[in-house]
Amino acid sequence: MRHFIRYVSLAVFVLAVTGCVETMGTSSVKTPPVKAYQPAPTTPGTLTPDQNLIVFAMDLARSGQEFTGPTLVLAQGARTQLKPLEPGFTVGKEGVAVGAGTIPGTQMVDVLSQRSDALGRTALVADRVEYTTRPPSIGETEQLTMLLQQDYKAVMTAADAGFKDDTRKAVTGYQQDKGLAADGLLGPGTAKTLAKDMEIIEIKSMRSVTLYPSKVRFELYVVPEGVVRSGGERFKHGFGSLEAVRAAAVPPERLDSEARKDGNFVIFVYFMDQVSPFSAIEVGFSTSPGKKDFKNRQATLDAVYAAPDSWPVIVAPFKLKDAGVRLYANVFVNDECVGNVKLK
């Protein structure tokens, strides 16, 4: 892959001139419907050569490979931290959004991905690069001049006939535009002129941003406390215990009979979407859906907060005193009910 990065500057030039950079159009890309995330305005049409190069660099960075090159550098003090794919997760839908960056004076490229696992959890992640462009320095111009000639020679020696032809046509067109001898050869004069015209992409930040949906999915189960106590470690591993909890859960039609024994239960709530660490999560019981029982504050569990980038699991004991009363378990995020389950 490092061998390929040598040809990026020349390849981007050829593709830009010949109009071949039309493979990642932003006008047809739909970002995930996440209310809490407002993407920067996207530009209809195609990605620019710079933006295509940044997307390619992110692919390299995710796999732990060198992603900088002659025309793409890291700014001093730049942060580079992309979120790795969690074990058991696969990438589904992807899209690209572009626009103004959050760092003043920068542009931004977001590669949006939906990551899911066999349990049904879904994470929405934006791998984000914020960058600026500038002319090359004298030293960079000299380096680019040398590399362009080396890469041109390599292309003409090893590339397929179609790419060779595209390269000659691109160089000829560039020479004509610049008033140079239009021979289609990338000699020292043409290479130096081209090197001066190229832009250096300077990455200010490369990081992953978790996107939190406004409506979260969850699974809620009620298990007799005695079963949990006798289960030892079986119910103490968060999502690792999900299958055990599903198997031991009391179905609604059996809750009355189980409540007549001692009325002691443990509620398990598994969030299948990630929740912002700044959001208060509560679980409340009431005789009506979507409400908190303000007459009995003990019917609402104390608010908890998710750890950043975690998958929240709420485990709490409760006592069902009146077996004959209609009962709902309501899940609240920031005081808004995001769903409820009729227990009986």
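Helices α5 and α6 are roughly perpendicular to each other, a class that covers angles of 65 to 115 degrees, whereas angles under 35 degrees count as roughly parallel, those over 145 as roughly antiparallel and the rest as oblique. The model is predicted, so that local features need pLDDT of at least 70 and side-chain atom pairs count only at pLDDT 80 or more, while totals for chains, interfaces and linings use all residues. Residues are numbered from 1 along each chain as its sequence is written, and side-chain values use heavy atoms, with hydrogens and water left out.

The protein chain contains 9 helices and 11 strands. These elements are DSSP runs numbered from the N terminus, with helices (H or I) of at least four residues and strands (E) of at least two. Of the 344 residues in the protein chain, 47% are buried; buried denotes a relative accessible area under 20%, exposed one over 50%, and partly exposed a value in between (1.4 Å probe, protein chains only). Among contacts between residues at least 6 apart in sequence, 70% join residues at least 24 apart, where a contact means heavy atoms within 4.5 Å.

Two packed helices are described by the angle between their axes and the distance between the axes. The axes are lines fitted to C-alpha atoms, for helices over the stretch in contact, and the angles run from 0 to 180 degrees between N-to-C directions. For α5 and α6, the axes come within 11 Å and cross at roughly 80°. Here V171, Y174, Q175 and K178 of α5 meet T190, T193, L194 and D197 of α6. This contact comprises 3 nonpolar, 3 polar and 2 charged residues; Ala, Val, Leu, Ile, Met, Phe, Trp, Tyr, Cys and Pro are classed as nonpolar, Asp, Glu, Lys and Arg as charged, and the others, Gly among them, as polar.

Helix α4 (residues 138-158) packs against helix α6 (residues 188-197) at an angle of about 130°, and their axes are 8 Å apart. That angle makes α4 oblique to α6. The crossing of α4 and α6 is right-handed; a crossing is right-handed if the near helix is turned clockwise from the far one by less than a right angle, and left-handed if anticlockwise. On the α4 side the contact involves T141, L144, T145, L148 and Q149, which meet P188, A191, K192, L194, A195 and K196 of α6. The residues of this contact divide into 6 nonpolar, 3 polar and 2 charged.

Helix α5 (residues 161-178) also packs against α4, with axes that come within 8 Å and cross at roughly 140°. In this case the crossing of α4 and α5 is left-handed. Residues Y152, V155, M156 and T157 of α4 and F163, K164, T167, R168 and V171 of α5 make the contact. By class, the contact of α4 with α5 has 5 nonpolar, 2 polar and 2 charged residues.

A search of the whole structure for aromatic pairs finds 7. Rings of Phe, Tyr and Trp (its six-membered ring) pair if their centres lie within 6.5 Å, and planes under 30 degrees apart count as stacked, over 60 as edge-to-face and the rest as tilted. F89 and W311 form a stacked pair, at 5.7 Å centre to centre and with 25° between the planes. F89 lies in the loop between β1 (72-81) and β2 (90-100), and W311 in the loop between β8 (281-286) and β9 (313-319), so the pair ties together parts that are 222 residues apart in sequence. F89 is buried, with a relative accessible area of 6%, and W311 is buried at 11%.

The rings of F235 and F268 form a tilted pair, because their centres are 6.3 Å apart and their planes lie at 45°. F235 is located in the loop between α7 (225-230) and α8 (242-248) and F268 in strand β7 (residues 264-271), so this pair ties together parts 33 residues apart in sequence. F235 is buried, with a relative accessible area of 6%, and F268 is buried at 0%. Ring pairs link F235, F239, F268 and Y270 into a cluster.

T80 lies in strand β1 and is partly exposed, with a relative accessible area of 41%. Not counting residues up to four places away in sequence, T80 touches F67, L74 and M206. S286 lies in strand β8 and counts as buried at 6% relative accessibility. S286 and Y328, 42 residues apart in sequence, are 5.4 Å apart in space, C-alpha to C-alpha.
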